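This report walks through one protein chain, part by part. Please look at the chain below before reading on.

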Amino acid sequence: MKGERRAPDSFATRRPGRRLALALAILVHAAFIGVLVWSVRWQVRPPEVISAELYAPPVRAPRPDPVSPIEPPKPVPKLEPRAEPLPLPPTKAERHDAEIALKAKQDEERRQRDKVDHEKREREKKAADEQRAAEERRMADEKKAVEARERHERETEEMRVQAEREAQQAAARVKAKAENDGRTAAQADWIRRIQSKIRGNVVLPPEMPGNPEAIFEVVQLPTGEIIDVQLRKSSGFRAYDEAVQRAILKSSPLPRPDRAEMFSRALTLRFRPLD
């Protein structure tokens, strides 16, 4: 408001005091700097020139050392031997204690030796047992190997013998079959030759019906001569049976086989009129 009065500014009231303090501070710093400059200049002085002359001292000849007189050696005083006091003999208790200690020591040493010997024997026994066990295992392995080899050889030999036996049996069967087949064929051929000879002598009856079969058993000698003829089965026609029987007797001697071992004393012969 225009009618109101403004309070005086505090900064304006304190302004003269602040200026005085600032001026004093500047003055003190200027004085301090001046003192420092003066002290430095006072301590720094121009260097002074110092001259010195060097010279060597005169050499003096060495003086010989004075020889001191040799003094004779002083006699050594002879010392008298001093008798040492003899030790007192041990008492009975000390001797007893010493004997006990010595015996204990000897017992301990003996125990130690026995222990060492026992351990050594145990080690040697263990080593011997291990070596014996290893030797037994080696021998057992070798025995097993020998047995296995012998068993293998035996089985191989048995297989070889069995194979040879089977081969021989097979060969024998083949040979027997071949011989039997040959003997059968030869015997059949021999029988056919006999039947052919007999048929050549058969006179068929007239009006022969069908083709009936008549079976005869003929007994002969190795020369082929017939000694007996028997009718085993009739054809059903008596005239045909009689005609065949007469033809058999007429055909004596019968043809002989090619090999003597094929000869059979009794023969069974079959005949049909139309064969």
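Val37 sits in helix H1, which covers residues 10–43; helices (H or I, at least four residues) and strands (E, at least two) are DSSP runs, numbered from the N terminus. With a relative accessible area of 46%, Val37 is partly exposed. Buried means under 20% relative accessible area, exposed means over 50%, and partly exposed lies in between (1.4 Å probe, protein chains only).

Val37 belongs to a nonpolar surface patch together with Phe32, Ile33 and Leu36, and the four have about 390 Å² of accessible area together. Patches are made of residues with over 30% relative accessible area and no salt bridge, where like charges are joined within 9 Å and nonpolar side chains (Val, Leu, Ile, Met, Phe, Trp, Tyr) within 5 Å. Accessible areas come from the Shrake-Rupley method with a 1.4 Å probe, and for residues only the protein chains shown count as cover.

## The model and the chain

This is a predicted model, in which local features need pLDDT of at least 70 and side-chain atom pairs count only at pLDDT 80 or more, while totals for chains, interfaces and linings use all residues. Residues are numbered from 1 along each chain as its sequence is written, and side-chain values use heavy atoms, with hydrogens and water left out.

The chain has 3 helices and 3 strands, in the order α-α-β-β-α-β from the N terminus. Of its 275 residues, 13% count as buried. The chain exposes about 24800 Å², and carbon and sulfur atoms supply 58% of that area. Among the contacts with a separation of 6 or more, 76% are between residues 24 or more positions apart; contact means heavy atoms within 4.5 Å.

The whole structure holds 17 salt bridges, a salt bridge being a side-chain nitrogen of Lys or Arg within 4 Å of a carboxyl oxygen of Asp or Glu. One of them joins the side chains of Arg160 and Glu157, at 2.2 Å from N to O. These two residues are separated by about one helical turn, because they are 3 residues apart in helix H2. An α-helix has 3.6 residues a turn, so residues three or four places apart point the same way. Arg160 is partly exposed at 39% relative accessible area, and Glu157 is partly exposed at 37%.

Another salt bridge links Asp189 with Arg192, with the closest N and O atoms 3.7 Å apart. Asp189 is partly exposed, at 30% relative accessible area. In the salt bridge between Asp258 and Arg193, the closest N and O atoms are 3.6 Å apart. That pair links distant parts of the chain, 65 residues apart: Arg193 is in helix H2, and Asp258 is in the loop between helix H3 (238–250) and strand S3 (266–271). Asp258 is exposed at 63%, whereas Arg193 is partly exposed at 30%. Asp189, Arg192, Arg193 and Asp258 are linked in a network of salt bridges.

At 1.5 Å a residue, the 13 residues of H3 should span 18 Å, and the end C-alpha atoms are 18 Å apart, which agrees. The expected span is 1.5 Å times one less than the number of residues in the helix.

Which residues of H3 are buried? They are Tyr240, Asp241, Ala243, Val244, Ala247 and Ile248. Seen down the helix axis, these buried residues fall within an arc of 165°, so they line one face of H3; the arc is that of the directions from the helix axis to the C-beta atoms. The cover over the buried residues of H3 includes H2, S1, strand S2 (226–233) and S3. On the face turned away from the buried side are the exposed residues Arg238, Arg246, Leu249 and Lys250.

## Loops and a distant pair

Pro253 lies in the loop between H3 and S3. The peptide bond from Ser252 to Pro253 is cis, with omega near 0°.

Glu213 is in the loop between helix H2 (92–200) and strand S1 (214–220). Is Glu213 buried or exposed? Glu213 counts as buried, because its relative accessibility is 17%. Leaving aside residues up to four places away in sequence, Glu213 touches Lys233, Ser234, Ser235, Arg270, Phe271 and Arg272.

Thr184, in helix H2, is partly exposed at 43% relative accessible area. Thr184 and Met262 are 78 residues apart in sequence, and their C-alpha atoms are 9.2 Å apart in space.
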